[in-house]
Amino acid sequence: MSSSKPLFEPEKLRILLIGAGGREHALAWKLTQSPRVDQIFVAPGNGGTLFGDKTVSVAIPAEDFDALVAFAVRSNVNLVIPGPEQPLVDGIETVFRHVGIPVFGPSQRAAAMEGSKAFSKDFMARHNIPTAEYRNFTDHAAAVEYVKSINHPVVLKASGLAAGKGVIIPNSTEEALAGLNDIMVSKEFGDAGSEVVVEEFMTGQELSILAFSDGYTALALPAAQDHKRIGEGDTGLNTGGMGTYSPAPVATKEIEAEIMRKIVQPTIDGMRKDGIPFIGMLFTGIMLTPQGPKVLEYNVRFGDPETQSLMALLSDDTDLAELMLACIERRLDCVKFEMKKQAAVTVVLAAKGYPGSYPKGDVITFDALPENVWIFHAGTKANPSGQILTNGGRVLAVTAVAPTLKEAQALAYKGVDCVHFEGKTFRRDIAYKAFLEQEQSQPQGMTYASAGVSIDAGNALVDRIKPMVKATKRIGTDSIIGGFGGLFDLKAAGFKDPILVAGTDGVGTKLKIAQTYGKHDTIGIDLVAMSVNDLVVQGAEPLFFLDYYACGHLDVDTAADVVKGVAAGCVESGCALVGGETAEMPSLYEGEDYDVAGFAVGAVERELVLPQPSIAPGDVLLGIASSGVHSNGFSLVRKIVSAHGYDYSSPVPYAPSKTLGDELLEPTTIYVKQLLPAIRQGAIKGLSHITGGGFTENIPRVLPKGVGCYVDAGSFNFLPVFRWLMKLGRVDPNEMARTFNCGIGMVVVVAREQADAVEQLLRESGKADVFRIGETVAGEGCEMRNLDAWVQASQQ
């Protein structure tokens, strides 16, 4: 009788798992379930890898290859699993192969698929793998010329590893050129920016496709979707990932098959043909474009936090250790690989302040978890008494598995409630995109509400804002909203021979700060200020204002806060809020995003229209102080803040009692009441509102041909916020002068003999300070003098 006992007993595995994140804890958790695994050493590990029947944390840094090899040899390790990308790119597979220990992971040459974006883009072009159009550059001047020659949006990528931060998505050619300078000249990302990839900007939904590979066969895990932004609705700063879910409903069987057929398998085959067979985990970032799936980038290791969800979905009888050995031994087609017919959701819990600065050392406590919920440690450590403490930005991940995605989401958030530490930060909308997809596919009777538009919310908003609107009433209108249009009686307002003046504006990307920081009650003041300040520049008294509020989901509290600011701005400028429009458009705006626009109409008596034709060389320029950044230049502001890891809740370095969010959201000064008395006396020749374009672009707009001007940069207060931005962003003073107001929000052109009187009248009519900042001269344009004063101020 034959025996069922195997001819050779499989060797027990002693594994060295390298890394310290949630990914490594999840891998250790799944590997522990393998009967072949005897011991797992996690280097350096975290607070979670300390506890387990088979896991031991080893205090060796991931980059110390000599110490890792010595430990592995001494401890009879027979399988090495690198978690993060850096050791793979640095050649850890070769190091351990030379001492006879197999590694689940690619060779150093194959790891260049993640280590060099230029290498991977060239590989895709060579093997006809769909991706964005691109060009690689090592020469800054050549990259600049290329960016100037194209007319489509681009993405800039530092070719080397930059800790996940080497990507810039510019909104204009100017921002793209500035980004090239940051990467290639200023070396913001170090040596990673020695070569840059300029590629076409793609739109669509992103997917994470993780596939085991033995160099021939590829076995893909279910598609996952990550949530990179810190805030709900994908708002705020980028992070390492705030949560995932899998399977992603948008990845239908047909789409997954197309990705395997056109991308994953051709990648594995192409690498083998190029003499660099890929062994390990190939993580491909996919964009589902209108033209089909395209590759965003390759990673050569497990993703984080995708791994946490995907490990929980591997079937109980699928042995992760056997899968990894099968990849190394080139027999992946002969091993058991099954997934649970369920869904998984992972919610990351971060420290307060992440992804900016955050505290460490807070005690973490845990309640009993519901069934099918697991906690994977990332930024944690244990103190000598056994307490678990926070020790990083992303602290823990809570993963839940359930029959449906909705159930898994609910279960995951129950798990979140079982974890306690000071400042616990997490997103409450993980998997929201999946539910949008599911709702759109439901064949049910359609209503306006099911399309994402709430008439009830709109009515509630109108009721909320009626008292605010009524407060803006002035002569000429009743400020009652709800009709089809707003009425204004010019005759009642006292005009005799008026010229109507109209203007419209928005507040730009200052909105992103308001949305990220969660402060909405001043943005409406900015909206009014930007339009009415443009009216008064023509000599006009603002009469009435209309606002436009567009969003994906109407949050009545947020919208009411915005209108509260609009009403305050109208009162400040003496104009009536006679109407507006609230548009709820879920197909155009995601999550809690919204946009605003304002429309103002004013009137000026014909003989007082500005600018006057009498402007001539020798006239005096008076400057009226600004309150701060006002509403222009925020794309650069946000870039500077983001590049240096600041959070909008961070204290302002030069004024620690204020937060950065409050400082940057300081409302734009409204100059109407301060200027109208001098305008009505005919004492002003011209006005220039210093908005986008700064001094150098805006002042010349009011000067006649043949007349230029100079501005003395040392003649007024260069506000602390501009000193800080200039120093932090290493911004050239000329760039400051053509981007920001730098402390002067309105420039007044007056005759020399009337300068003292007008300056006095302006001081009496308003609160903003007044400075004598320059003169008009023969010529063209605006010359900035004494810019060294700004340089010196920024260095203090």
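Where is the place of Pro247? Pro247 sits in the loop between strand 14 (243-246) and helix 9 (253-273). Helices here are DSSP runs of H or I with at least four residues, strands are runs of E with at least two, and both are numbered from the N terminus.

A word on the model before we go on. This is a predicted model, where local features need pLDDT of at least 70, side-chain atom pairs count only at pLDDT 80 or more, and totals for chains, interfaces and linings use all residues. Residues are numbered from 1 along each chain as its sequence is written, and side-chain values use heavy atoms, with hydrogens and water left out.

Back to Pro247. The peptide bond from Ser246 to Pro247 is cis, with omega near -5 degrees. Another cis bond runs from Ala43 to Pro44, with omega near 0 degrees. Pro44 belongs to strand 2 (residues 37-44). For background, most peptide bonds are trans, and most residues other than glycine have a negative phi.

Asn372 has a positive phi, near 65 degrees. Asn372 lies in the loop between strand 18 (363-366) and strand 19 (373-377). Arg730 also has a positive phi, near 50 degrees. Its loop runs between helix 22 (720-728) and helix 23 (733-737).

Are these two buried or exposed? Asn372 counts as partly exposed because its relative accessibility is 36%. Arg730 counts as exposed, at 51%. The cut-offs: buried is under 20% relative accessible area, exposed is over 50%, and partly exposed is in between, using a 1.4 Å probe and protein chains only.

Five strands form an open sheet in the order 11-14-17-22-19, with antiparallel pairing. Strand 11 (225-226) and strand 19 stand at the edges with a single partner strand each, so one side of each has no neighbour in the sheet. Two strands pair if DSSP finds at least two bridges between them. Strand 17 (residues 343-350) and strand 22 (residues 394-402) pair over eight bridges, in the antiparallel sense. Val348 stands opposite Ala397 in strand 22.

Now Arg474. Which residues does Arg474 contact, leaving aside its neighbours within four places in sequence? They are Phe488, Ala493, Glu541, Pro542, Leu543, Gly574, Cys575 and Ala576. Contact means heavy atoms within 4.5 Å. Arg474 is in the loop between helix 14 (455-470) and strand 24 (498-505). Arg474 counts as buried because its relative accessible area is 15%. A polar atom of its side chain lies 3.1 Å from the backbone oxygen of Gly574.

Over to Pro102. Pro102 is in the loop between helix 4 (92-97) and helix 5 (112-115). Pro102 is partly exposed, at 29% relative accessible area. Not counting residues up to four places away in sequence, Pro102 touches Asn78, Leu79, Val80 and Ile328. Ile15 is 87 residues from Pro102 along the chain, yet their C-alpha atoms are separated by 10 Å.

One last residue. Val167 lies in strand 7 (residues 167-168). Val167 counts as partly exposed, with 39% relative accessibility.

That is the tour. Questions, please.

How values were computed:
A polar contact is a pair of N or O atoms within 3.5 Å; within protein, one must be able to donate a hydrogen and the other to accept it, and residues adjacent in sequence count only if both atoms are side-chain atoms.
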